[in-house]
Amino acid sequence: MTYLARSPWVIHYDASSCNGCDIEVLACLTPLYDIERFGIINTGNPKHADVFLVTGSINEQNKEVIKNIYNQIPEPKVVVAIGICATSGGVFRECYNVMGGIDTMIPVDVYVPGCAARPEMIIDGVVKALGILEEKWAKMEAGKK
Amino acid sequence: MSKQVVIPFGPQHPVLPEPLHLDLVLEDEKVVDAIPTIGYVHRGLEKLVEKREYPQYVYIAERICGICSFIHGMTYCQGIEGIMNLEIPKRADYLRTIWSEYSRMHSHLLWLGLFADAMGFESLFMNAWRLREHILDDLEATTGGRVIQGSCKVGGVRRDISSEKLDEMASGLDSMQGELHDLVNVFLRDSSVRHRLKGTGILSKDDAYLQGAVGPTIRASGHSYDTRKIGYAAYGDLSFEPVVASAGDSYARCEVRAKEMFTSIDIVKQAVKKIPDGPIDMKVTGAPDGEYFARSEQPRGEVIHYIKGNGTKFLARHRVRTPTLANITPLVTILKGCELADVPIIVLSIDPCIGCAER
Amino acid sequence: MIREEQKMQDITPDSLIRSVQAMKDGGKRLVQIGCARIGDIFEINYSFDKDYNFENLKLTIPSGLEVPSVSGIYTCAFVYENEIHDLYGIEITGIAIDFKGTFIRTSIKYPFGVVSSKEEDACQNKL
């Protein structure tokens, strides 16, 4: 494990989520689940972040915001789509204002299904994302040589 | 007069768990105007009534918001039952009441935590959320879901709670009260918290009423308006008094929510004592024809579900007026004249739930 | 369960302002303004409350008709009126804070004003 995967910082954005997954993401940070023990810190600044957690699906107004945040995160970066809405649109798939899952706008590395996704699953998804982050970093290093 | 500048606040902002955008017009550090823009989480779910049969739509109604999920589902069901003139079993009414109050406690603890975080009081945030897990454990044990319960349906509820579990829940709340008191004491007595909250964002009694504030926001400005008093579900059989404060500032709004948790514990304990035996649901046949405004008290205030049926399985219209939408006008009023550094606290003090507001 | 009484009073566009003013003079709180589309006709409901007494005014208009704003009487009406404009495409004149269609931005213009979504593809066929 490199230093990167030992202390990844995450940024969370609520696309058009119902809040169910958002409060579960926050619950991961609090004493019972405590993902800080993996060195994970929640930041509000995209330039500090390595992992992008998105809940909810893409709509007309937030698609630019998501792209903006994604572009500001430095390489290597991983995206975790949390909840069934972020994965595919979920029960709201047929709504006129829902364009679909997060992968219609930015590349997604890990999908965490569930409505609402449980904290254990979110942690599992983030840990899985760390492995991918590591791979991406190794590839970047190899490219430099 | 100094030069005016406009500062955009949000949609992605460290203090906001949800996207809300405000254009703040500033003169030096003073906010002179605030213009809200919403729509970042607008899904248009009200239009799904055209594609989902009315009993299926309960799932959508519950997902209007993940924090006040249970009460949305319940109010929608009450609307349908109102049109069809259904008298649901008493036990179902009591179970709905118990789950509503659990939702209120979990929402208020969540809000207290986020509010502490906005003040920069990290350890208090963690403590509030640690206590909240007790509430979520009971919700999960009785409904199977932590935040989205899925236990309400048209004509009753889907799951029963055994009498042993009900007693266990009541005694669990009792043993939690001590810790809850300690937590609330910090919010209400700590000098740094008081210093930060007293006098910020004052909403006068008249403004609160005329601008249509609801929930803790109106009760903190001296009105004792609480929709539970109309006696839907089992609230008519239970005795409680709405918590009221008069100062109208952020401290008062915090005080109302903090004290309401103890009212909720009391209501749950009364309901556990009085709950009758019997069936928990009834058979529903036919389709709603007519219109009905169902009202109930969310953690954030009064919610209205307007339902119009046309005699088919698909409703003609379902409209939700959520408490946050009603509280936006008061929010804009109290933001005028505050300092930029207080904006996060004032925005959070109305307990905005954007997922609700935009649907 | 207690079934609340549903008081509903029909009004016309001409009497709208007068009726709403009467509500305010009676010390009532504006609870909400909502809209429903029934065929080619729009129903706008104005709900009021005082001491838990719930009352409604119902304005029925054909599509294409302009409606005067009541935000001069109740400021908070601007939220609901902008919403009705953005979702139904009903022109409401003289809103205190008029967002001119930018309050809720949607991918389809006036989603509730256009034809029913039933005719669209089922979700399985969507992309």
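1. Asn82(C) is buried, because its relative accessible area is 0%. Here buried means under 20% relative accessible area, exposed means over 50%, and partly exposed lies in between (1.4 Å probe, protein chains only). Asn82(C) sits in helix H2 (residues 77–88) of chain C. Leaving out residues up to four places away in sequence, Asn82(C) touches Ile95(C), Ile97(C), Asp98(C), Phe99(C), Lys100(C) and Phe103(C). To touch, or to be in contact, is to have heavy atoms within 4.5 Å.

2. A word on the basis of this note. This is a predicted model, in which local features need pLDDT of at least 70 and side-chain atom pairs count only at pLDDT 80 or more, while totals for chains, interfaces and linings use all residues. Residues are numbered from 1 along each chain as its sequence is written, chains are lettered from A and ligands numbered from 1 in the order in which they are written, and side-chain values use heavy atoms, with hydrogens and water left out.

3. Chain C has two helices and six strands. Their order from the N terminus is β-α-β-β-β-β-α-β. Helices (H or I, at least four residues) and strands (E, at least two) are DSSP runs, numbered from the N terminus. Of the 127 residues in chain C, 49% are buried. Among contacts in chain C with a separation of 6 or more, 51% are between residues 24 or more positions apart.

4. Ile17(C) belongs to helix H1 (residues 16–25) of chain C. Is Ile17(C) buried or partly exposed? Ile17(C) counts as partly exposed because its relative accessibility is 34%. Not counting residues up to four places away in sequence, Ile17(C) touches Pro68(C), Ser69(C), Val70(C) and Ile73(C). Between Ile17(C) and Tyr88(C) there are 71 residues of sequence separation and 21 Å in space, C-alpha to C-alpha.

5. Next comes the interface of chains A and B. Chain B gives 40 residues to the contact and chain A gives 37 residues. The size of an interface is often given as the accessible area lost when the parts come together. The area buried between chain B and chain A is about 3,200 Å², and carbon and sulfur atoms give 62% of this area. Buried area is the accessible area (1.4 Å probe) that two parts lose on being put together, summed over both.

6. How many salt bridges are there between chain B and chain A? The count is two salt bridges. A salt bridge is a side-chain nitrogen of Lys or Arg within 4 Å of a carboxyl oxygen of Asp or Glu. The side chains of Glu24(A) and Arg146(B) form a salt bridge, at 2.7 Å from N to O.

7. On the side of chain B that touches chain A, the elements giving two or more residues are helix H3 (90–119) and helix H4 (122–143) of chain B. The largest share, seven residues, comes from H4(B). This side of chain B holds 21 nonpolar, eight polar and 11 charged residues. Ala, Val, Leu, Ile, Met, Phe, Trp, Tyr, Cys and Pro count as nonpolar, Asp, Glu, Lys and Arg as charged, and the others, Gly among them, as polar.

8. The largest nonpolar core has 125 residues, and those touching the most other members are Ile82(A), Tyr76(B), Ile98(B), Tyr102(B), Trp129(B) and Leu180(B). H3(B) gives the most to this core, with 16 residues. Apart from this core lies another, of 64 residues, including Ala326(B), Cys35(C), Val70(C) and Ile73(C). A nonpolar core is a set of buried Ala, Val, Leu, Ile, Met, Phe, Trp, Tyr and Cys residues joined through side-chain atoms within 4.5 Å. Not counting residues up to four places away in sequence, Trp129(B) touches residues of chain A, Ile23(A), Leu26(A), Ala27(A) and Thr30(A), and residues of chain B, Leu109(B), Leu110(B), Gly113(B) and Leu114(B).

9. Some backbone angles deserve a look. Most residues other than glycine have a negative phi, and most peptide bonds are trans. The peptide bond from Glu75(A) to Pro76(A) is cis, with omega near -10 degrees, and Pro76(A) lies in the loop between helix H3 (63–72) and strand S5 (78–82) of chain A. Cys115(A) and Ala116(A) are also joined by a cis peptide bond, with omega about -10 degrees.

10. Asn19(A) is not a glycine, yet has a positive phi of about 90 degrees. Asn19(A) is in the loop between strand S1 (9–14) and helix H2 (20–29) of chain A, and is buried, with a relative accessible area of 2%. Ala233(B) has a positive phi of about 45 degrees and is not a glycine either. Ala233(B) is buried at 4% relative accessible area.
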